[in-house]
Amino acid sequence: MAAPTAYSLVATDLDGTLLRGDDTLSDRSLAALARVAEAGARHLVVTGRPAPRVRPLLDDLGSTGLAVCGQGAQVYDAGADRLLWSVTLDRELAETALGKIEAEVGQVYAAVDQDGVDGLTLIEPGYLMPHPTLPAVRVDRRDDLWCAPISKVLLRHPALSDDELAATARGVVGSLATVTMSGPGTVELQPCGITKATGLALAADHLGLGPQHTIAFGDMPNDIPMFDWAAHGVAMANAHPELKAVADEITLSNEDDGIAVVLERLFQGNLLGNGAR
């Protein structure tokens with residue numbers, strides 16, 4: 001059955017967008033996504049989290065389809081538990097980029113997401129995980145971060161704000177990597193030219209869909225390329241000002257089921273329940 005709106009693809013960020021602050025999904029959001037699927041539309045998670053950190057959430061969603069992970073560096077097939085596509089960040093380039101950043105701002109603390117469906121998140125001494133519920137392995141020294149192929153580097157600074165750190169990194173990294181800010185305490189380096197939009201475009205093409213079919217939801221500057229690619233971009237009420245400035249629409253916050261509010265309007269003929277828990 002064809003979707004009853006102009007949108008056959010619903011692309012959602014996770015943290016600060018679909019997920020509440022405690023990393024859970026509300027019944028209202030789950031019901032909205034379920035009815036969207038019944039209407040014939042597809043839902044794609046498009047997140048900065050690497051594939052291994054997304055699997056439990058896809059299980060909660062009952063998803064066996066595709067997900068875009070690692071800021072667009074991975075297209076993950078949940079049903080087959082394999083990566084359809086992935087690109088890694090050259091580890092020598094990553095070290096060089098870190099050196100350039102630290103030459104400007106002093107010491108930063110770093111972590112990496114390893115490539116692959118079983119890749120680990122490694123954190124060096126001093127790095128604090130912005131999401132303490134996510135598993136990570138502490139290593140003894142920075143050199144240990146480069147022991148296996150990586151999809152991205154995560155950075156934190158003891159004094160600078162995320163905006164300040166991201167702006168400085170963009171100014172000195174150049175073509176060594178793409179710099180993104182994806183959430184509180186989360187400035188990242190990923191392969192040059194890779195964004196959520198590149199991963200979303202690949203996944204959509206695999207599904208036979210394109211930007212004209214897509215509505216996207218997000219909350220941080222790393223979602224800007226996805227909004228630029230999609231036909232319609234919806235920022236959460238809690239979104240970063242940079243994303244709100246380019247959004248086509250602003251909905252309620254992630255705590256107030258902002259995604260469900262929009263989907264209920266667009267797919268109202270197919271949405272029957274909206275009880276929140």
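Modeller: Begin with Ser63, whose side chain reaches the backbone nitrogen of Gly65 at 3.4 Å. That is a polar contact, meaning a pair of N or O atoms within 3.5 Å; within protein, one must be able to donate a hydrogen and the other to accept it, and residues adjacent in sequence count only if both atoms are side-chain atoms. The model is predicted, so local features need pLDDT of at least 70 and side-chain atom pairs count only at pLDDT 80 or more, while totals for chains, interfaces and linings use all residues. Residues are numbered from 1 along each chain as its sequence is written, and side-chain values use heavy atoms, leaving out hydrogens and water.

Ser63 sits in the loop between helix H3 (51-61) and strand E3. Helices (H or I, at least four residues) and strands (E, at least two) are DSSP runs, numbered from the N terminus. With 22% relative accessibility, Ser63 counts as partly exposed; buried means under 20% relative accessible area, exposed over 50%, and partly exposed in between (1.4 Å probe, protein chains only). Not counting residues up to four places away in sequence, Ser63 touches Leu58 and Ala78, where contact means heavy atoms within 4.5 Å. Ala177 is 114 residues from Ser63 along the chain, and their C-alpha atoms are separated by 31 Å.

Strand E3 (residues 66-69) and strand E4 (residues 74-77) pair in the antiparallel sense over four bridges; two strands pair if DSSP finds at least two bridges between them. Cys69 has Gln74 in E4 as its bridge partner. Both strands belong to an open sheet of eight strands with mixed pairing, in the order E5-E4-E3-E2-E1-E12-E13-E14. Strand E5 (82-86) and strand E14 (249-250) are at the edges with a single partner strand each, so one side of each has no neighbour in the sheet.

Helices lie against this sheet. H6 (residues 196-206) lies across strand E1 (9-12), strand E2 (42-46), E3, E4, E5 and strand E12 (214-218), at about 165 degrees to E3. H9 (residues 258-266) packs on the sheet too, touching E1, E12, strand E13 (232-235) and E14, and its direction makes about 160 degrees with that of E12. Axes here are lines fitted to C-alpha atoms, for helices over the stretch in contact, and angles run from 0 to 180 degrees between N-to-C directions.

Of its 32 residues, Leu58, Tyr76, Ile215, Phe217, Leu263 and Phe267 touch the most other members. A nonpolar core is a set of buried Ala, Val, Leu, Ile, Met, Phe, Trp, Tyr and Cys residues joined through side-chain atoms within 4.5 Å. H1, helix H2 (27-38), H3, E3, E12 and H9 each supply at least two residues of this core, and H9 gives the most, with five. Apart from this core lies another, of 27 residues, including Leu89 and Val179. Beyond its neighbours up to four places away in sequence, Tyr76 touches residues including Leu58, Gly65, Leu66 and Cys69.

Elsewhere, Asp13 is in the loop between E1 and helix H1 (14-18). Asp13 is buried, with a relative accessible area of 5%. Its side chain makes polar contacts with those of Thr17, at 2.8 Å, and Lys196, at 2.9 Å.
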